[in-house]
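Subject: Structure handover

Hello,

I am passing on the structure we talked about.

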Amino acid sequence: MFLREGSLAHHVPVDLRAVDQVAVDPLLPAGFELRAVADAVALWDAEEMPLARVALVDAVGEVGAVRAMAVAGNYGMMNRVLDAIGNPIDPRMAAMADELGVEYSRTDLAP
Amino acid sequence: MLGTGNELESLMGELAVRDDYDVVIERDWARMARPGSFFSGAERVAIAREARRERIGDEARTGEVAAVVAEAARAVSTRAQQIRHEWVDQLVERGLDRCAYVEIIGLVSRLEAIDGFDFGVGRPLRQLPAAEPGEPTGVIDAAASANGAWVPTVGPPSAPVALSAVPDDHAALHEIHGAFFITNEQIPDFGLVKDLIRPQMELVAARTSLVNECFY
């Protein structure tokens, strides 16, 4: 949702399917490169990381690349926090989870 | 165009990181070394060590914290998406205070942020800090209560109050979030530019969450 809102605010296109379909062009500037570093950080992929980093620096510059690494790190943190505390799941998000094939417990749905 | 020769070799190495990131990271490292609400500095550093070992598949326990604490740290580190409320209840039955579990979540998740950042920018993982002496403070927010999550929160559970039962961890989470991503005040600003444009940051956020199987 925030991705769509951001693209509208900046008047840049985005294809939301690119979040979970690597064959889909995100359309955003540097979208392929940003998605690749997100994968490399989240998966601790030491082989892919140097190549993904170089490509991203080439696409957005060093300052932007550092920000991307920080955002990836931040979400590694937030994902763990929200999963570990059992943040109740908004039923609207549950539909999205079903579509993406993400496992969750129905008992964890918010009323 | 991608660089060649020395330029490419340079890019393959460590990126230049502004001081504002490092100030926050070093503050969190110092925070880790100090006593928290439930754990001593030595135990907090040991919790981080357990989390790092789990990440690389090292099953050898440090022996520096109780088994239930080590188990919680390791689960949050690598399989938070598999945690269920029954499992948290079992931790509590085995003697782990729910707010102590919150402190573990805070420590391990911030470690993930900082280690992930260092890995991304091409730095080696930093050495864990030397623990400071002292006893746990026992400080919790008396306003925290059962609100539908598996841990007490101040108000209905959501990302901004996820760790609110333990004030130091609540504040630390927000400090990292603001420095690495955006502050709470910046959340509604979809036109934000912070080294990247907001949708570029959100693409990284969404993809990371997908890979981590987290859809909150």
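Predicted model: local features only at pLDDT ≥ 70, side-chain atom pairs only at ≥ 80, totals over all residues.

Interface of chain A and chain B

The contact involves 73 residues of chain A and 78 residues of chain B. Between them the two chains bury about 6,900 Å², and 72% of that lies on carbon and sulfur atoms. On the chain A side, the residues that lose the most area to chain B are A:Trp44, A:Arg67 and A:Arg80, which together account for 12% of what that side buries.

As for polar interactions, 24 residue pairs are in polar contact between chain A and chain B, counting pairs with both residues at pLDDT 80 or more. Four helices of chain A each give two or more residues to the side that touches chain B: H1 (2-10), H2 (31-42), H3 (48-85) and H4 (91-100). H3(A) supplies the largest share, 33 residues. By class, this side of chain A has 47 nonpolar, 13 polar and 13 charged residues.

Salt bridges

Three salt bridges are found across the interface of chain A and chain B. In one salt bridge the side chain of B:Arg207 meets that of A:Asp39, at 2.6 Å from N to O. Over all chains the count comes to 26 salt bridges.

Within chain B, B:Glu54 and B:Arg79 form a salt bridge, with their closest N and O atoms 2.6 Å apart. This pair links distant parts of the chain, 25 residues apart: B:Glu54 is in helix H3 (residues 41-55) of chain B, while B:Arg79 is in the loop between helix H4 (67-78) and helix H5 (85-93) of chain B.

Helix packing in chain B

Helix H2 (residues 19-33) and helix H6 (residues 98-121) of chain B pack at an angle of about 145°, and their axes are 11 Å apart. The crossing of H2(B) past H6(B) is left-handed. H2(B) contributes B:Tyr21, B:Ile25, B:Asp28, B:Trp29, B:Arg31 and B:Met32 to the contact, and H6(B) contributes B:Leu107, B:Arg110, B:Leu111, B:Ile114, B:Asp115 and B:Phe117. By class, the contact has eight nonpolar and four charged residues, with no polar ones.

Regards

Key
Residues numbered from 1 in each chain as written. Chains lettered and ligands numbered in written order. Heavy atoms only, no water. Axes fitted to C-alpha atoms, helices over the stretch in contact; angles between N-to-C directions. Left-handed = near helix turned anticlockwise from the far one by under 90°. Contact = heavy atoms within 4.5 Å. Nonpolar A, V, L, I, M, F, W, Y, C, P; charged D, E, K, R; others polar. Buried area = accessible area lost by both parts, 1.4 Å probe. Salt bridge = Lys/Arg side-chain N within 4 Å of Asp/Glu carboxyl O. Polar contact = N/O pair within 3.5 Å; in protein donor to acceptor, adjacent residues only side chain to side chain.
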